[in-house]
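This note sets out a few points for a colleague who is new to the structure. Please read it beside the sequence and the model shown here.

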Amino acid sequence: MEMKSLGITGNIGTGKSSVLDILKNKGIQTFDLDNVAKNLYKSNISINKKVLDVFPSVSSTENQINTKKLGDLVFNDKDKLNKLQKIIWPEVEKFINDEIVFSQGLIVFEGAVIIEAGWHKLFDHIWLITTEVGLSKKRVMKQRNMSEEDFELIQNNQLKIEQVINTLKQDKKKYTVINNNSNLDKLKILVDKELSY
């Protein structure tokens with residue numbers, strides 16, 4: 001397999017994390033970019049300072065960042081979200097690049113904003129996970145205890161599948177669409193099939 005780095009993306013509730021777990025259980029090195037960002041807030045002093053300078057209200061005890069407060073603050077505010085992305089995205093990109101350089105075998109990164117952030121350009125291949133919207137909503141409301149309004153707000157702020165595919169084609173990126181409209185066993189079969197190419 002000539003694929004060394006793989007990016008997994010898709011909208012809320014499509015099963016990106018499930019795909020990542022399947023790969024992780026096969027002993028493949030995987031990263032959840034949401035967690036990477038959260039760890040950077042905690043461990044990177046420079047990021048910590050920049051975020052607290054811009055958003056002083058999200059400071060917790062010991063001058064740490066309260067990521068829950070931060071999430072709530074930028075959730076409905078595009079301007080604040082852009083400011084935050086300008087701080088964190090370049091650091092996440094650096095992290096991805098470093099991990100790819102030092103990895104021996106296949107390395108996989110999962111994130112909802114891979115396309116928006118331009119990180120898809122860093123990977124050999126992209127898996128785009130899709131699901132019927134009704135099914136996504138059901139999954140999210142059940143698993144994450146999220147309201148229908150919040151689900152729809154997030155859904156509407158995310159890129160549509162056609163936009164993602166157009167971007168990947170424009171950037172001449174290899175990609176595969178995986179339709180996750182069934183159960184976990186079916187998803188495992190789809191993942192195995194893709195890995196065997």
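How many salt bridges does the count come to? The rule requires a side-chain nitrogen of Lys or Arg within 4 Å of a carboxyl oxygen of Asp or Glu, and by it the count comes to 8 salt bridges.

1. Basis of the note. The model is predicted, so local features need pLDDT of at least 70 and side-chain atom pairs count only at pLDDT 80 or more, while totals for chains, interfaces and linings use all residues. Residues are numbered from 1 along each chain as its sequence is written, and side-chain values use heavy atoms, with hydrogens and water left out.

2. Helices are DSSP runs of H or I with at least four residues, strands are runs of E with at least two, and both are numbered from the N terminus. The side chains of K49 and D53 form a salt bridge, with an N to O distance of 2.9 Å. The two residues are 4 apart in helix α3 (residues 45-54), which means that about one helical turn separates them. Both D53 and K49 are exposed; exposed means over 50% relative accessible area, buried under 20%, and partly exposed in between, with a 1.4 Å probe and protein chains only.

3. A salt bridge between helices. K137 and E148 form a salt bridge in which the closest N and O atoms are 3.1 Å apart. This pair links distant parts of the chain, since K137 belongs to helix α6 (residues 133-143) and E148 to helix α7 (residues 148-157), 11 residues apart. E148 counts as partly exposed, because its relative accessibility is 36%. Through salt bridges that share partners, K137, E148 and E152 are joined into one network.

4. Which residues of helix α8 (residues 161-170) are buried? They are V164, I165 and L168. These residues cover an arc of only 95° around the axis, so they are on the same side of α8; the arc is that of the directions from the helix axis to the C-beta atoms. The buried residues of α8 pack against β4 (125-130) and β5 (174-179). The face turned away from the buried side carries the exposed residues E162, K169 and Q170. After α8 comes K172, with a positive phi near 50°.

5. T131 is placed in the loop between β4 and α6. Its relative accessible area is 12%, so T131 is buried. Contact means heavy atoms within 4.5 Å; residues up to four places away in sequence aside, T131 touches G13, T14, S136, R139, N180 and N181. The side chain of T131 reaches the backbone oxygen of T14 at 3.1 Å and that of N180 at 3.2 Å.

6. Surroundings of T30. Strand β2 (residues 29-32) contains T30, which is buried because its relative accessible area is 16%. Apart from neighbours within four places in sequence, T30 is in contact with L20, L23, K24 and V108.

Notes
A polar contact is a pair of N or O atoms within 3.5 Å; within protein, one must be able to donate a hydrogen and the other to accept it, and residues adjacent in sequence count only if both atoms are side-chain atoms.
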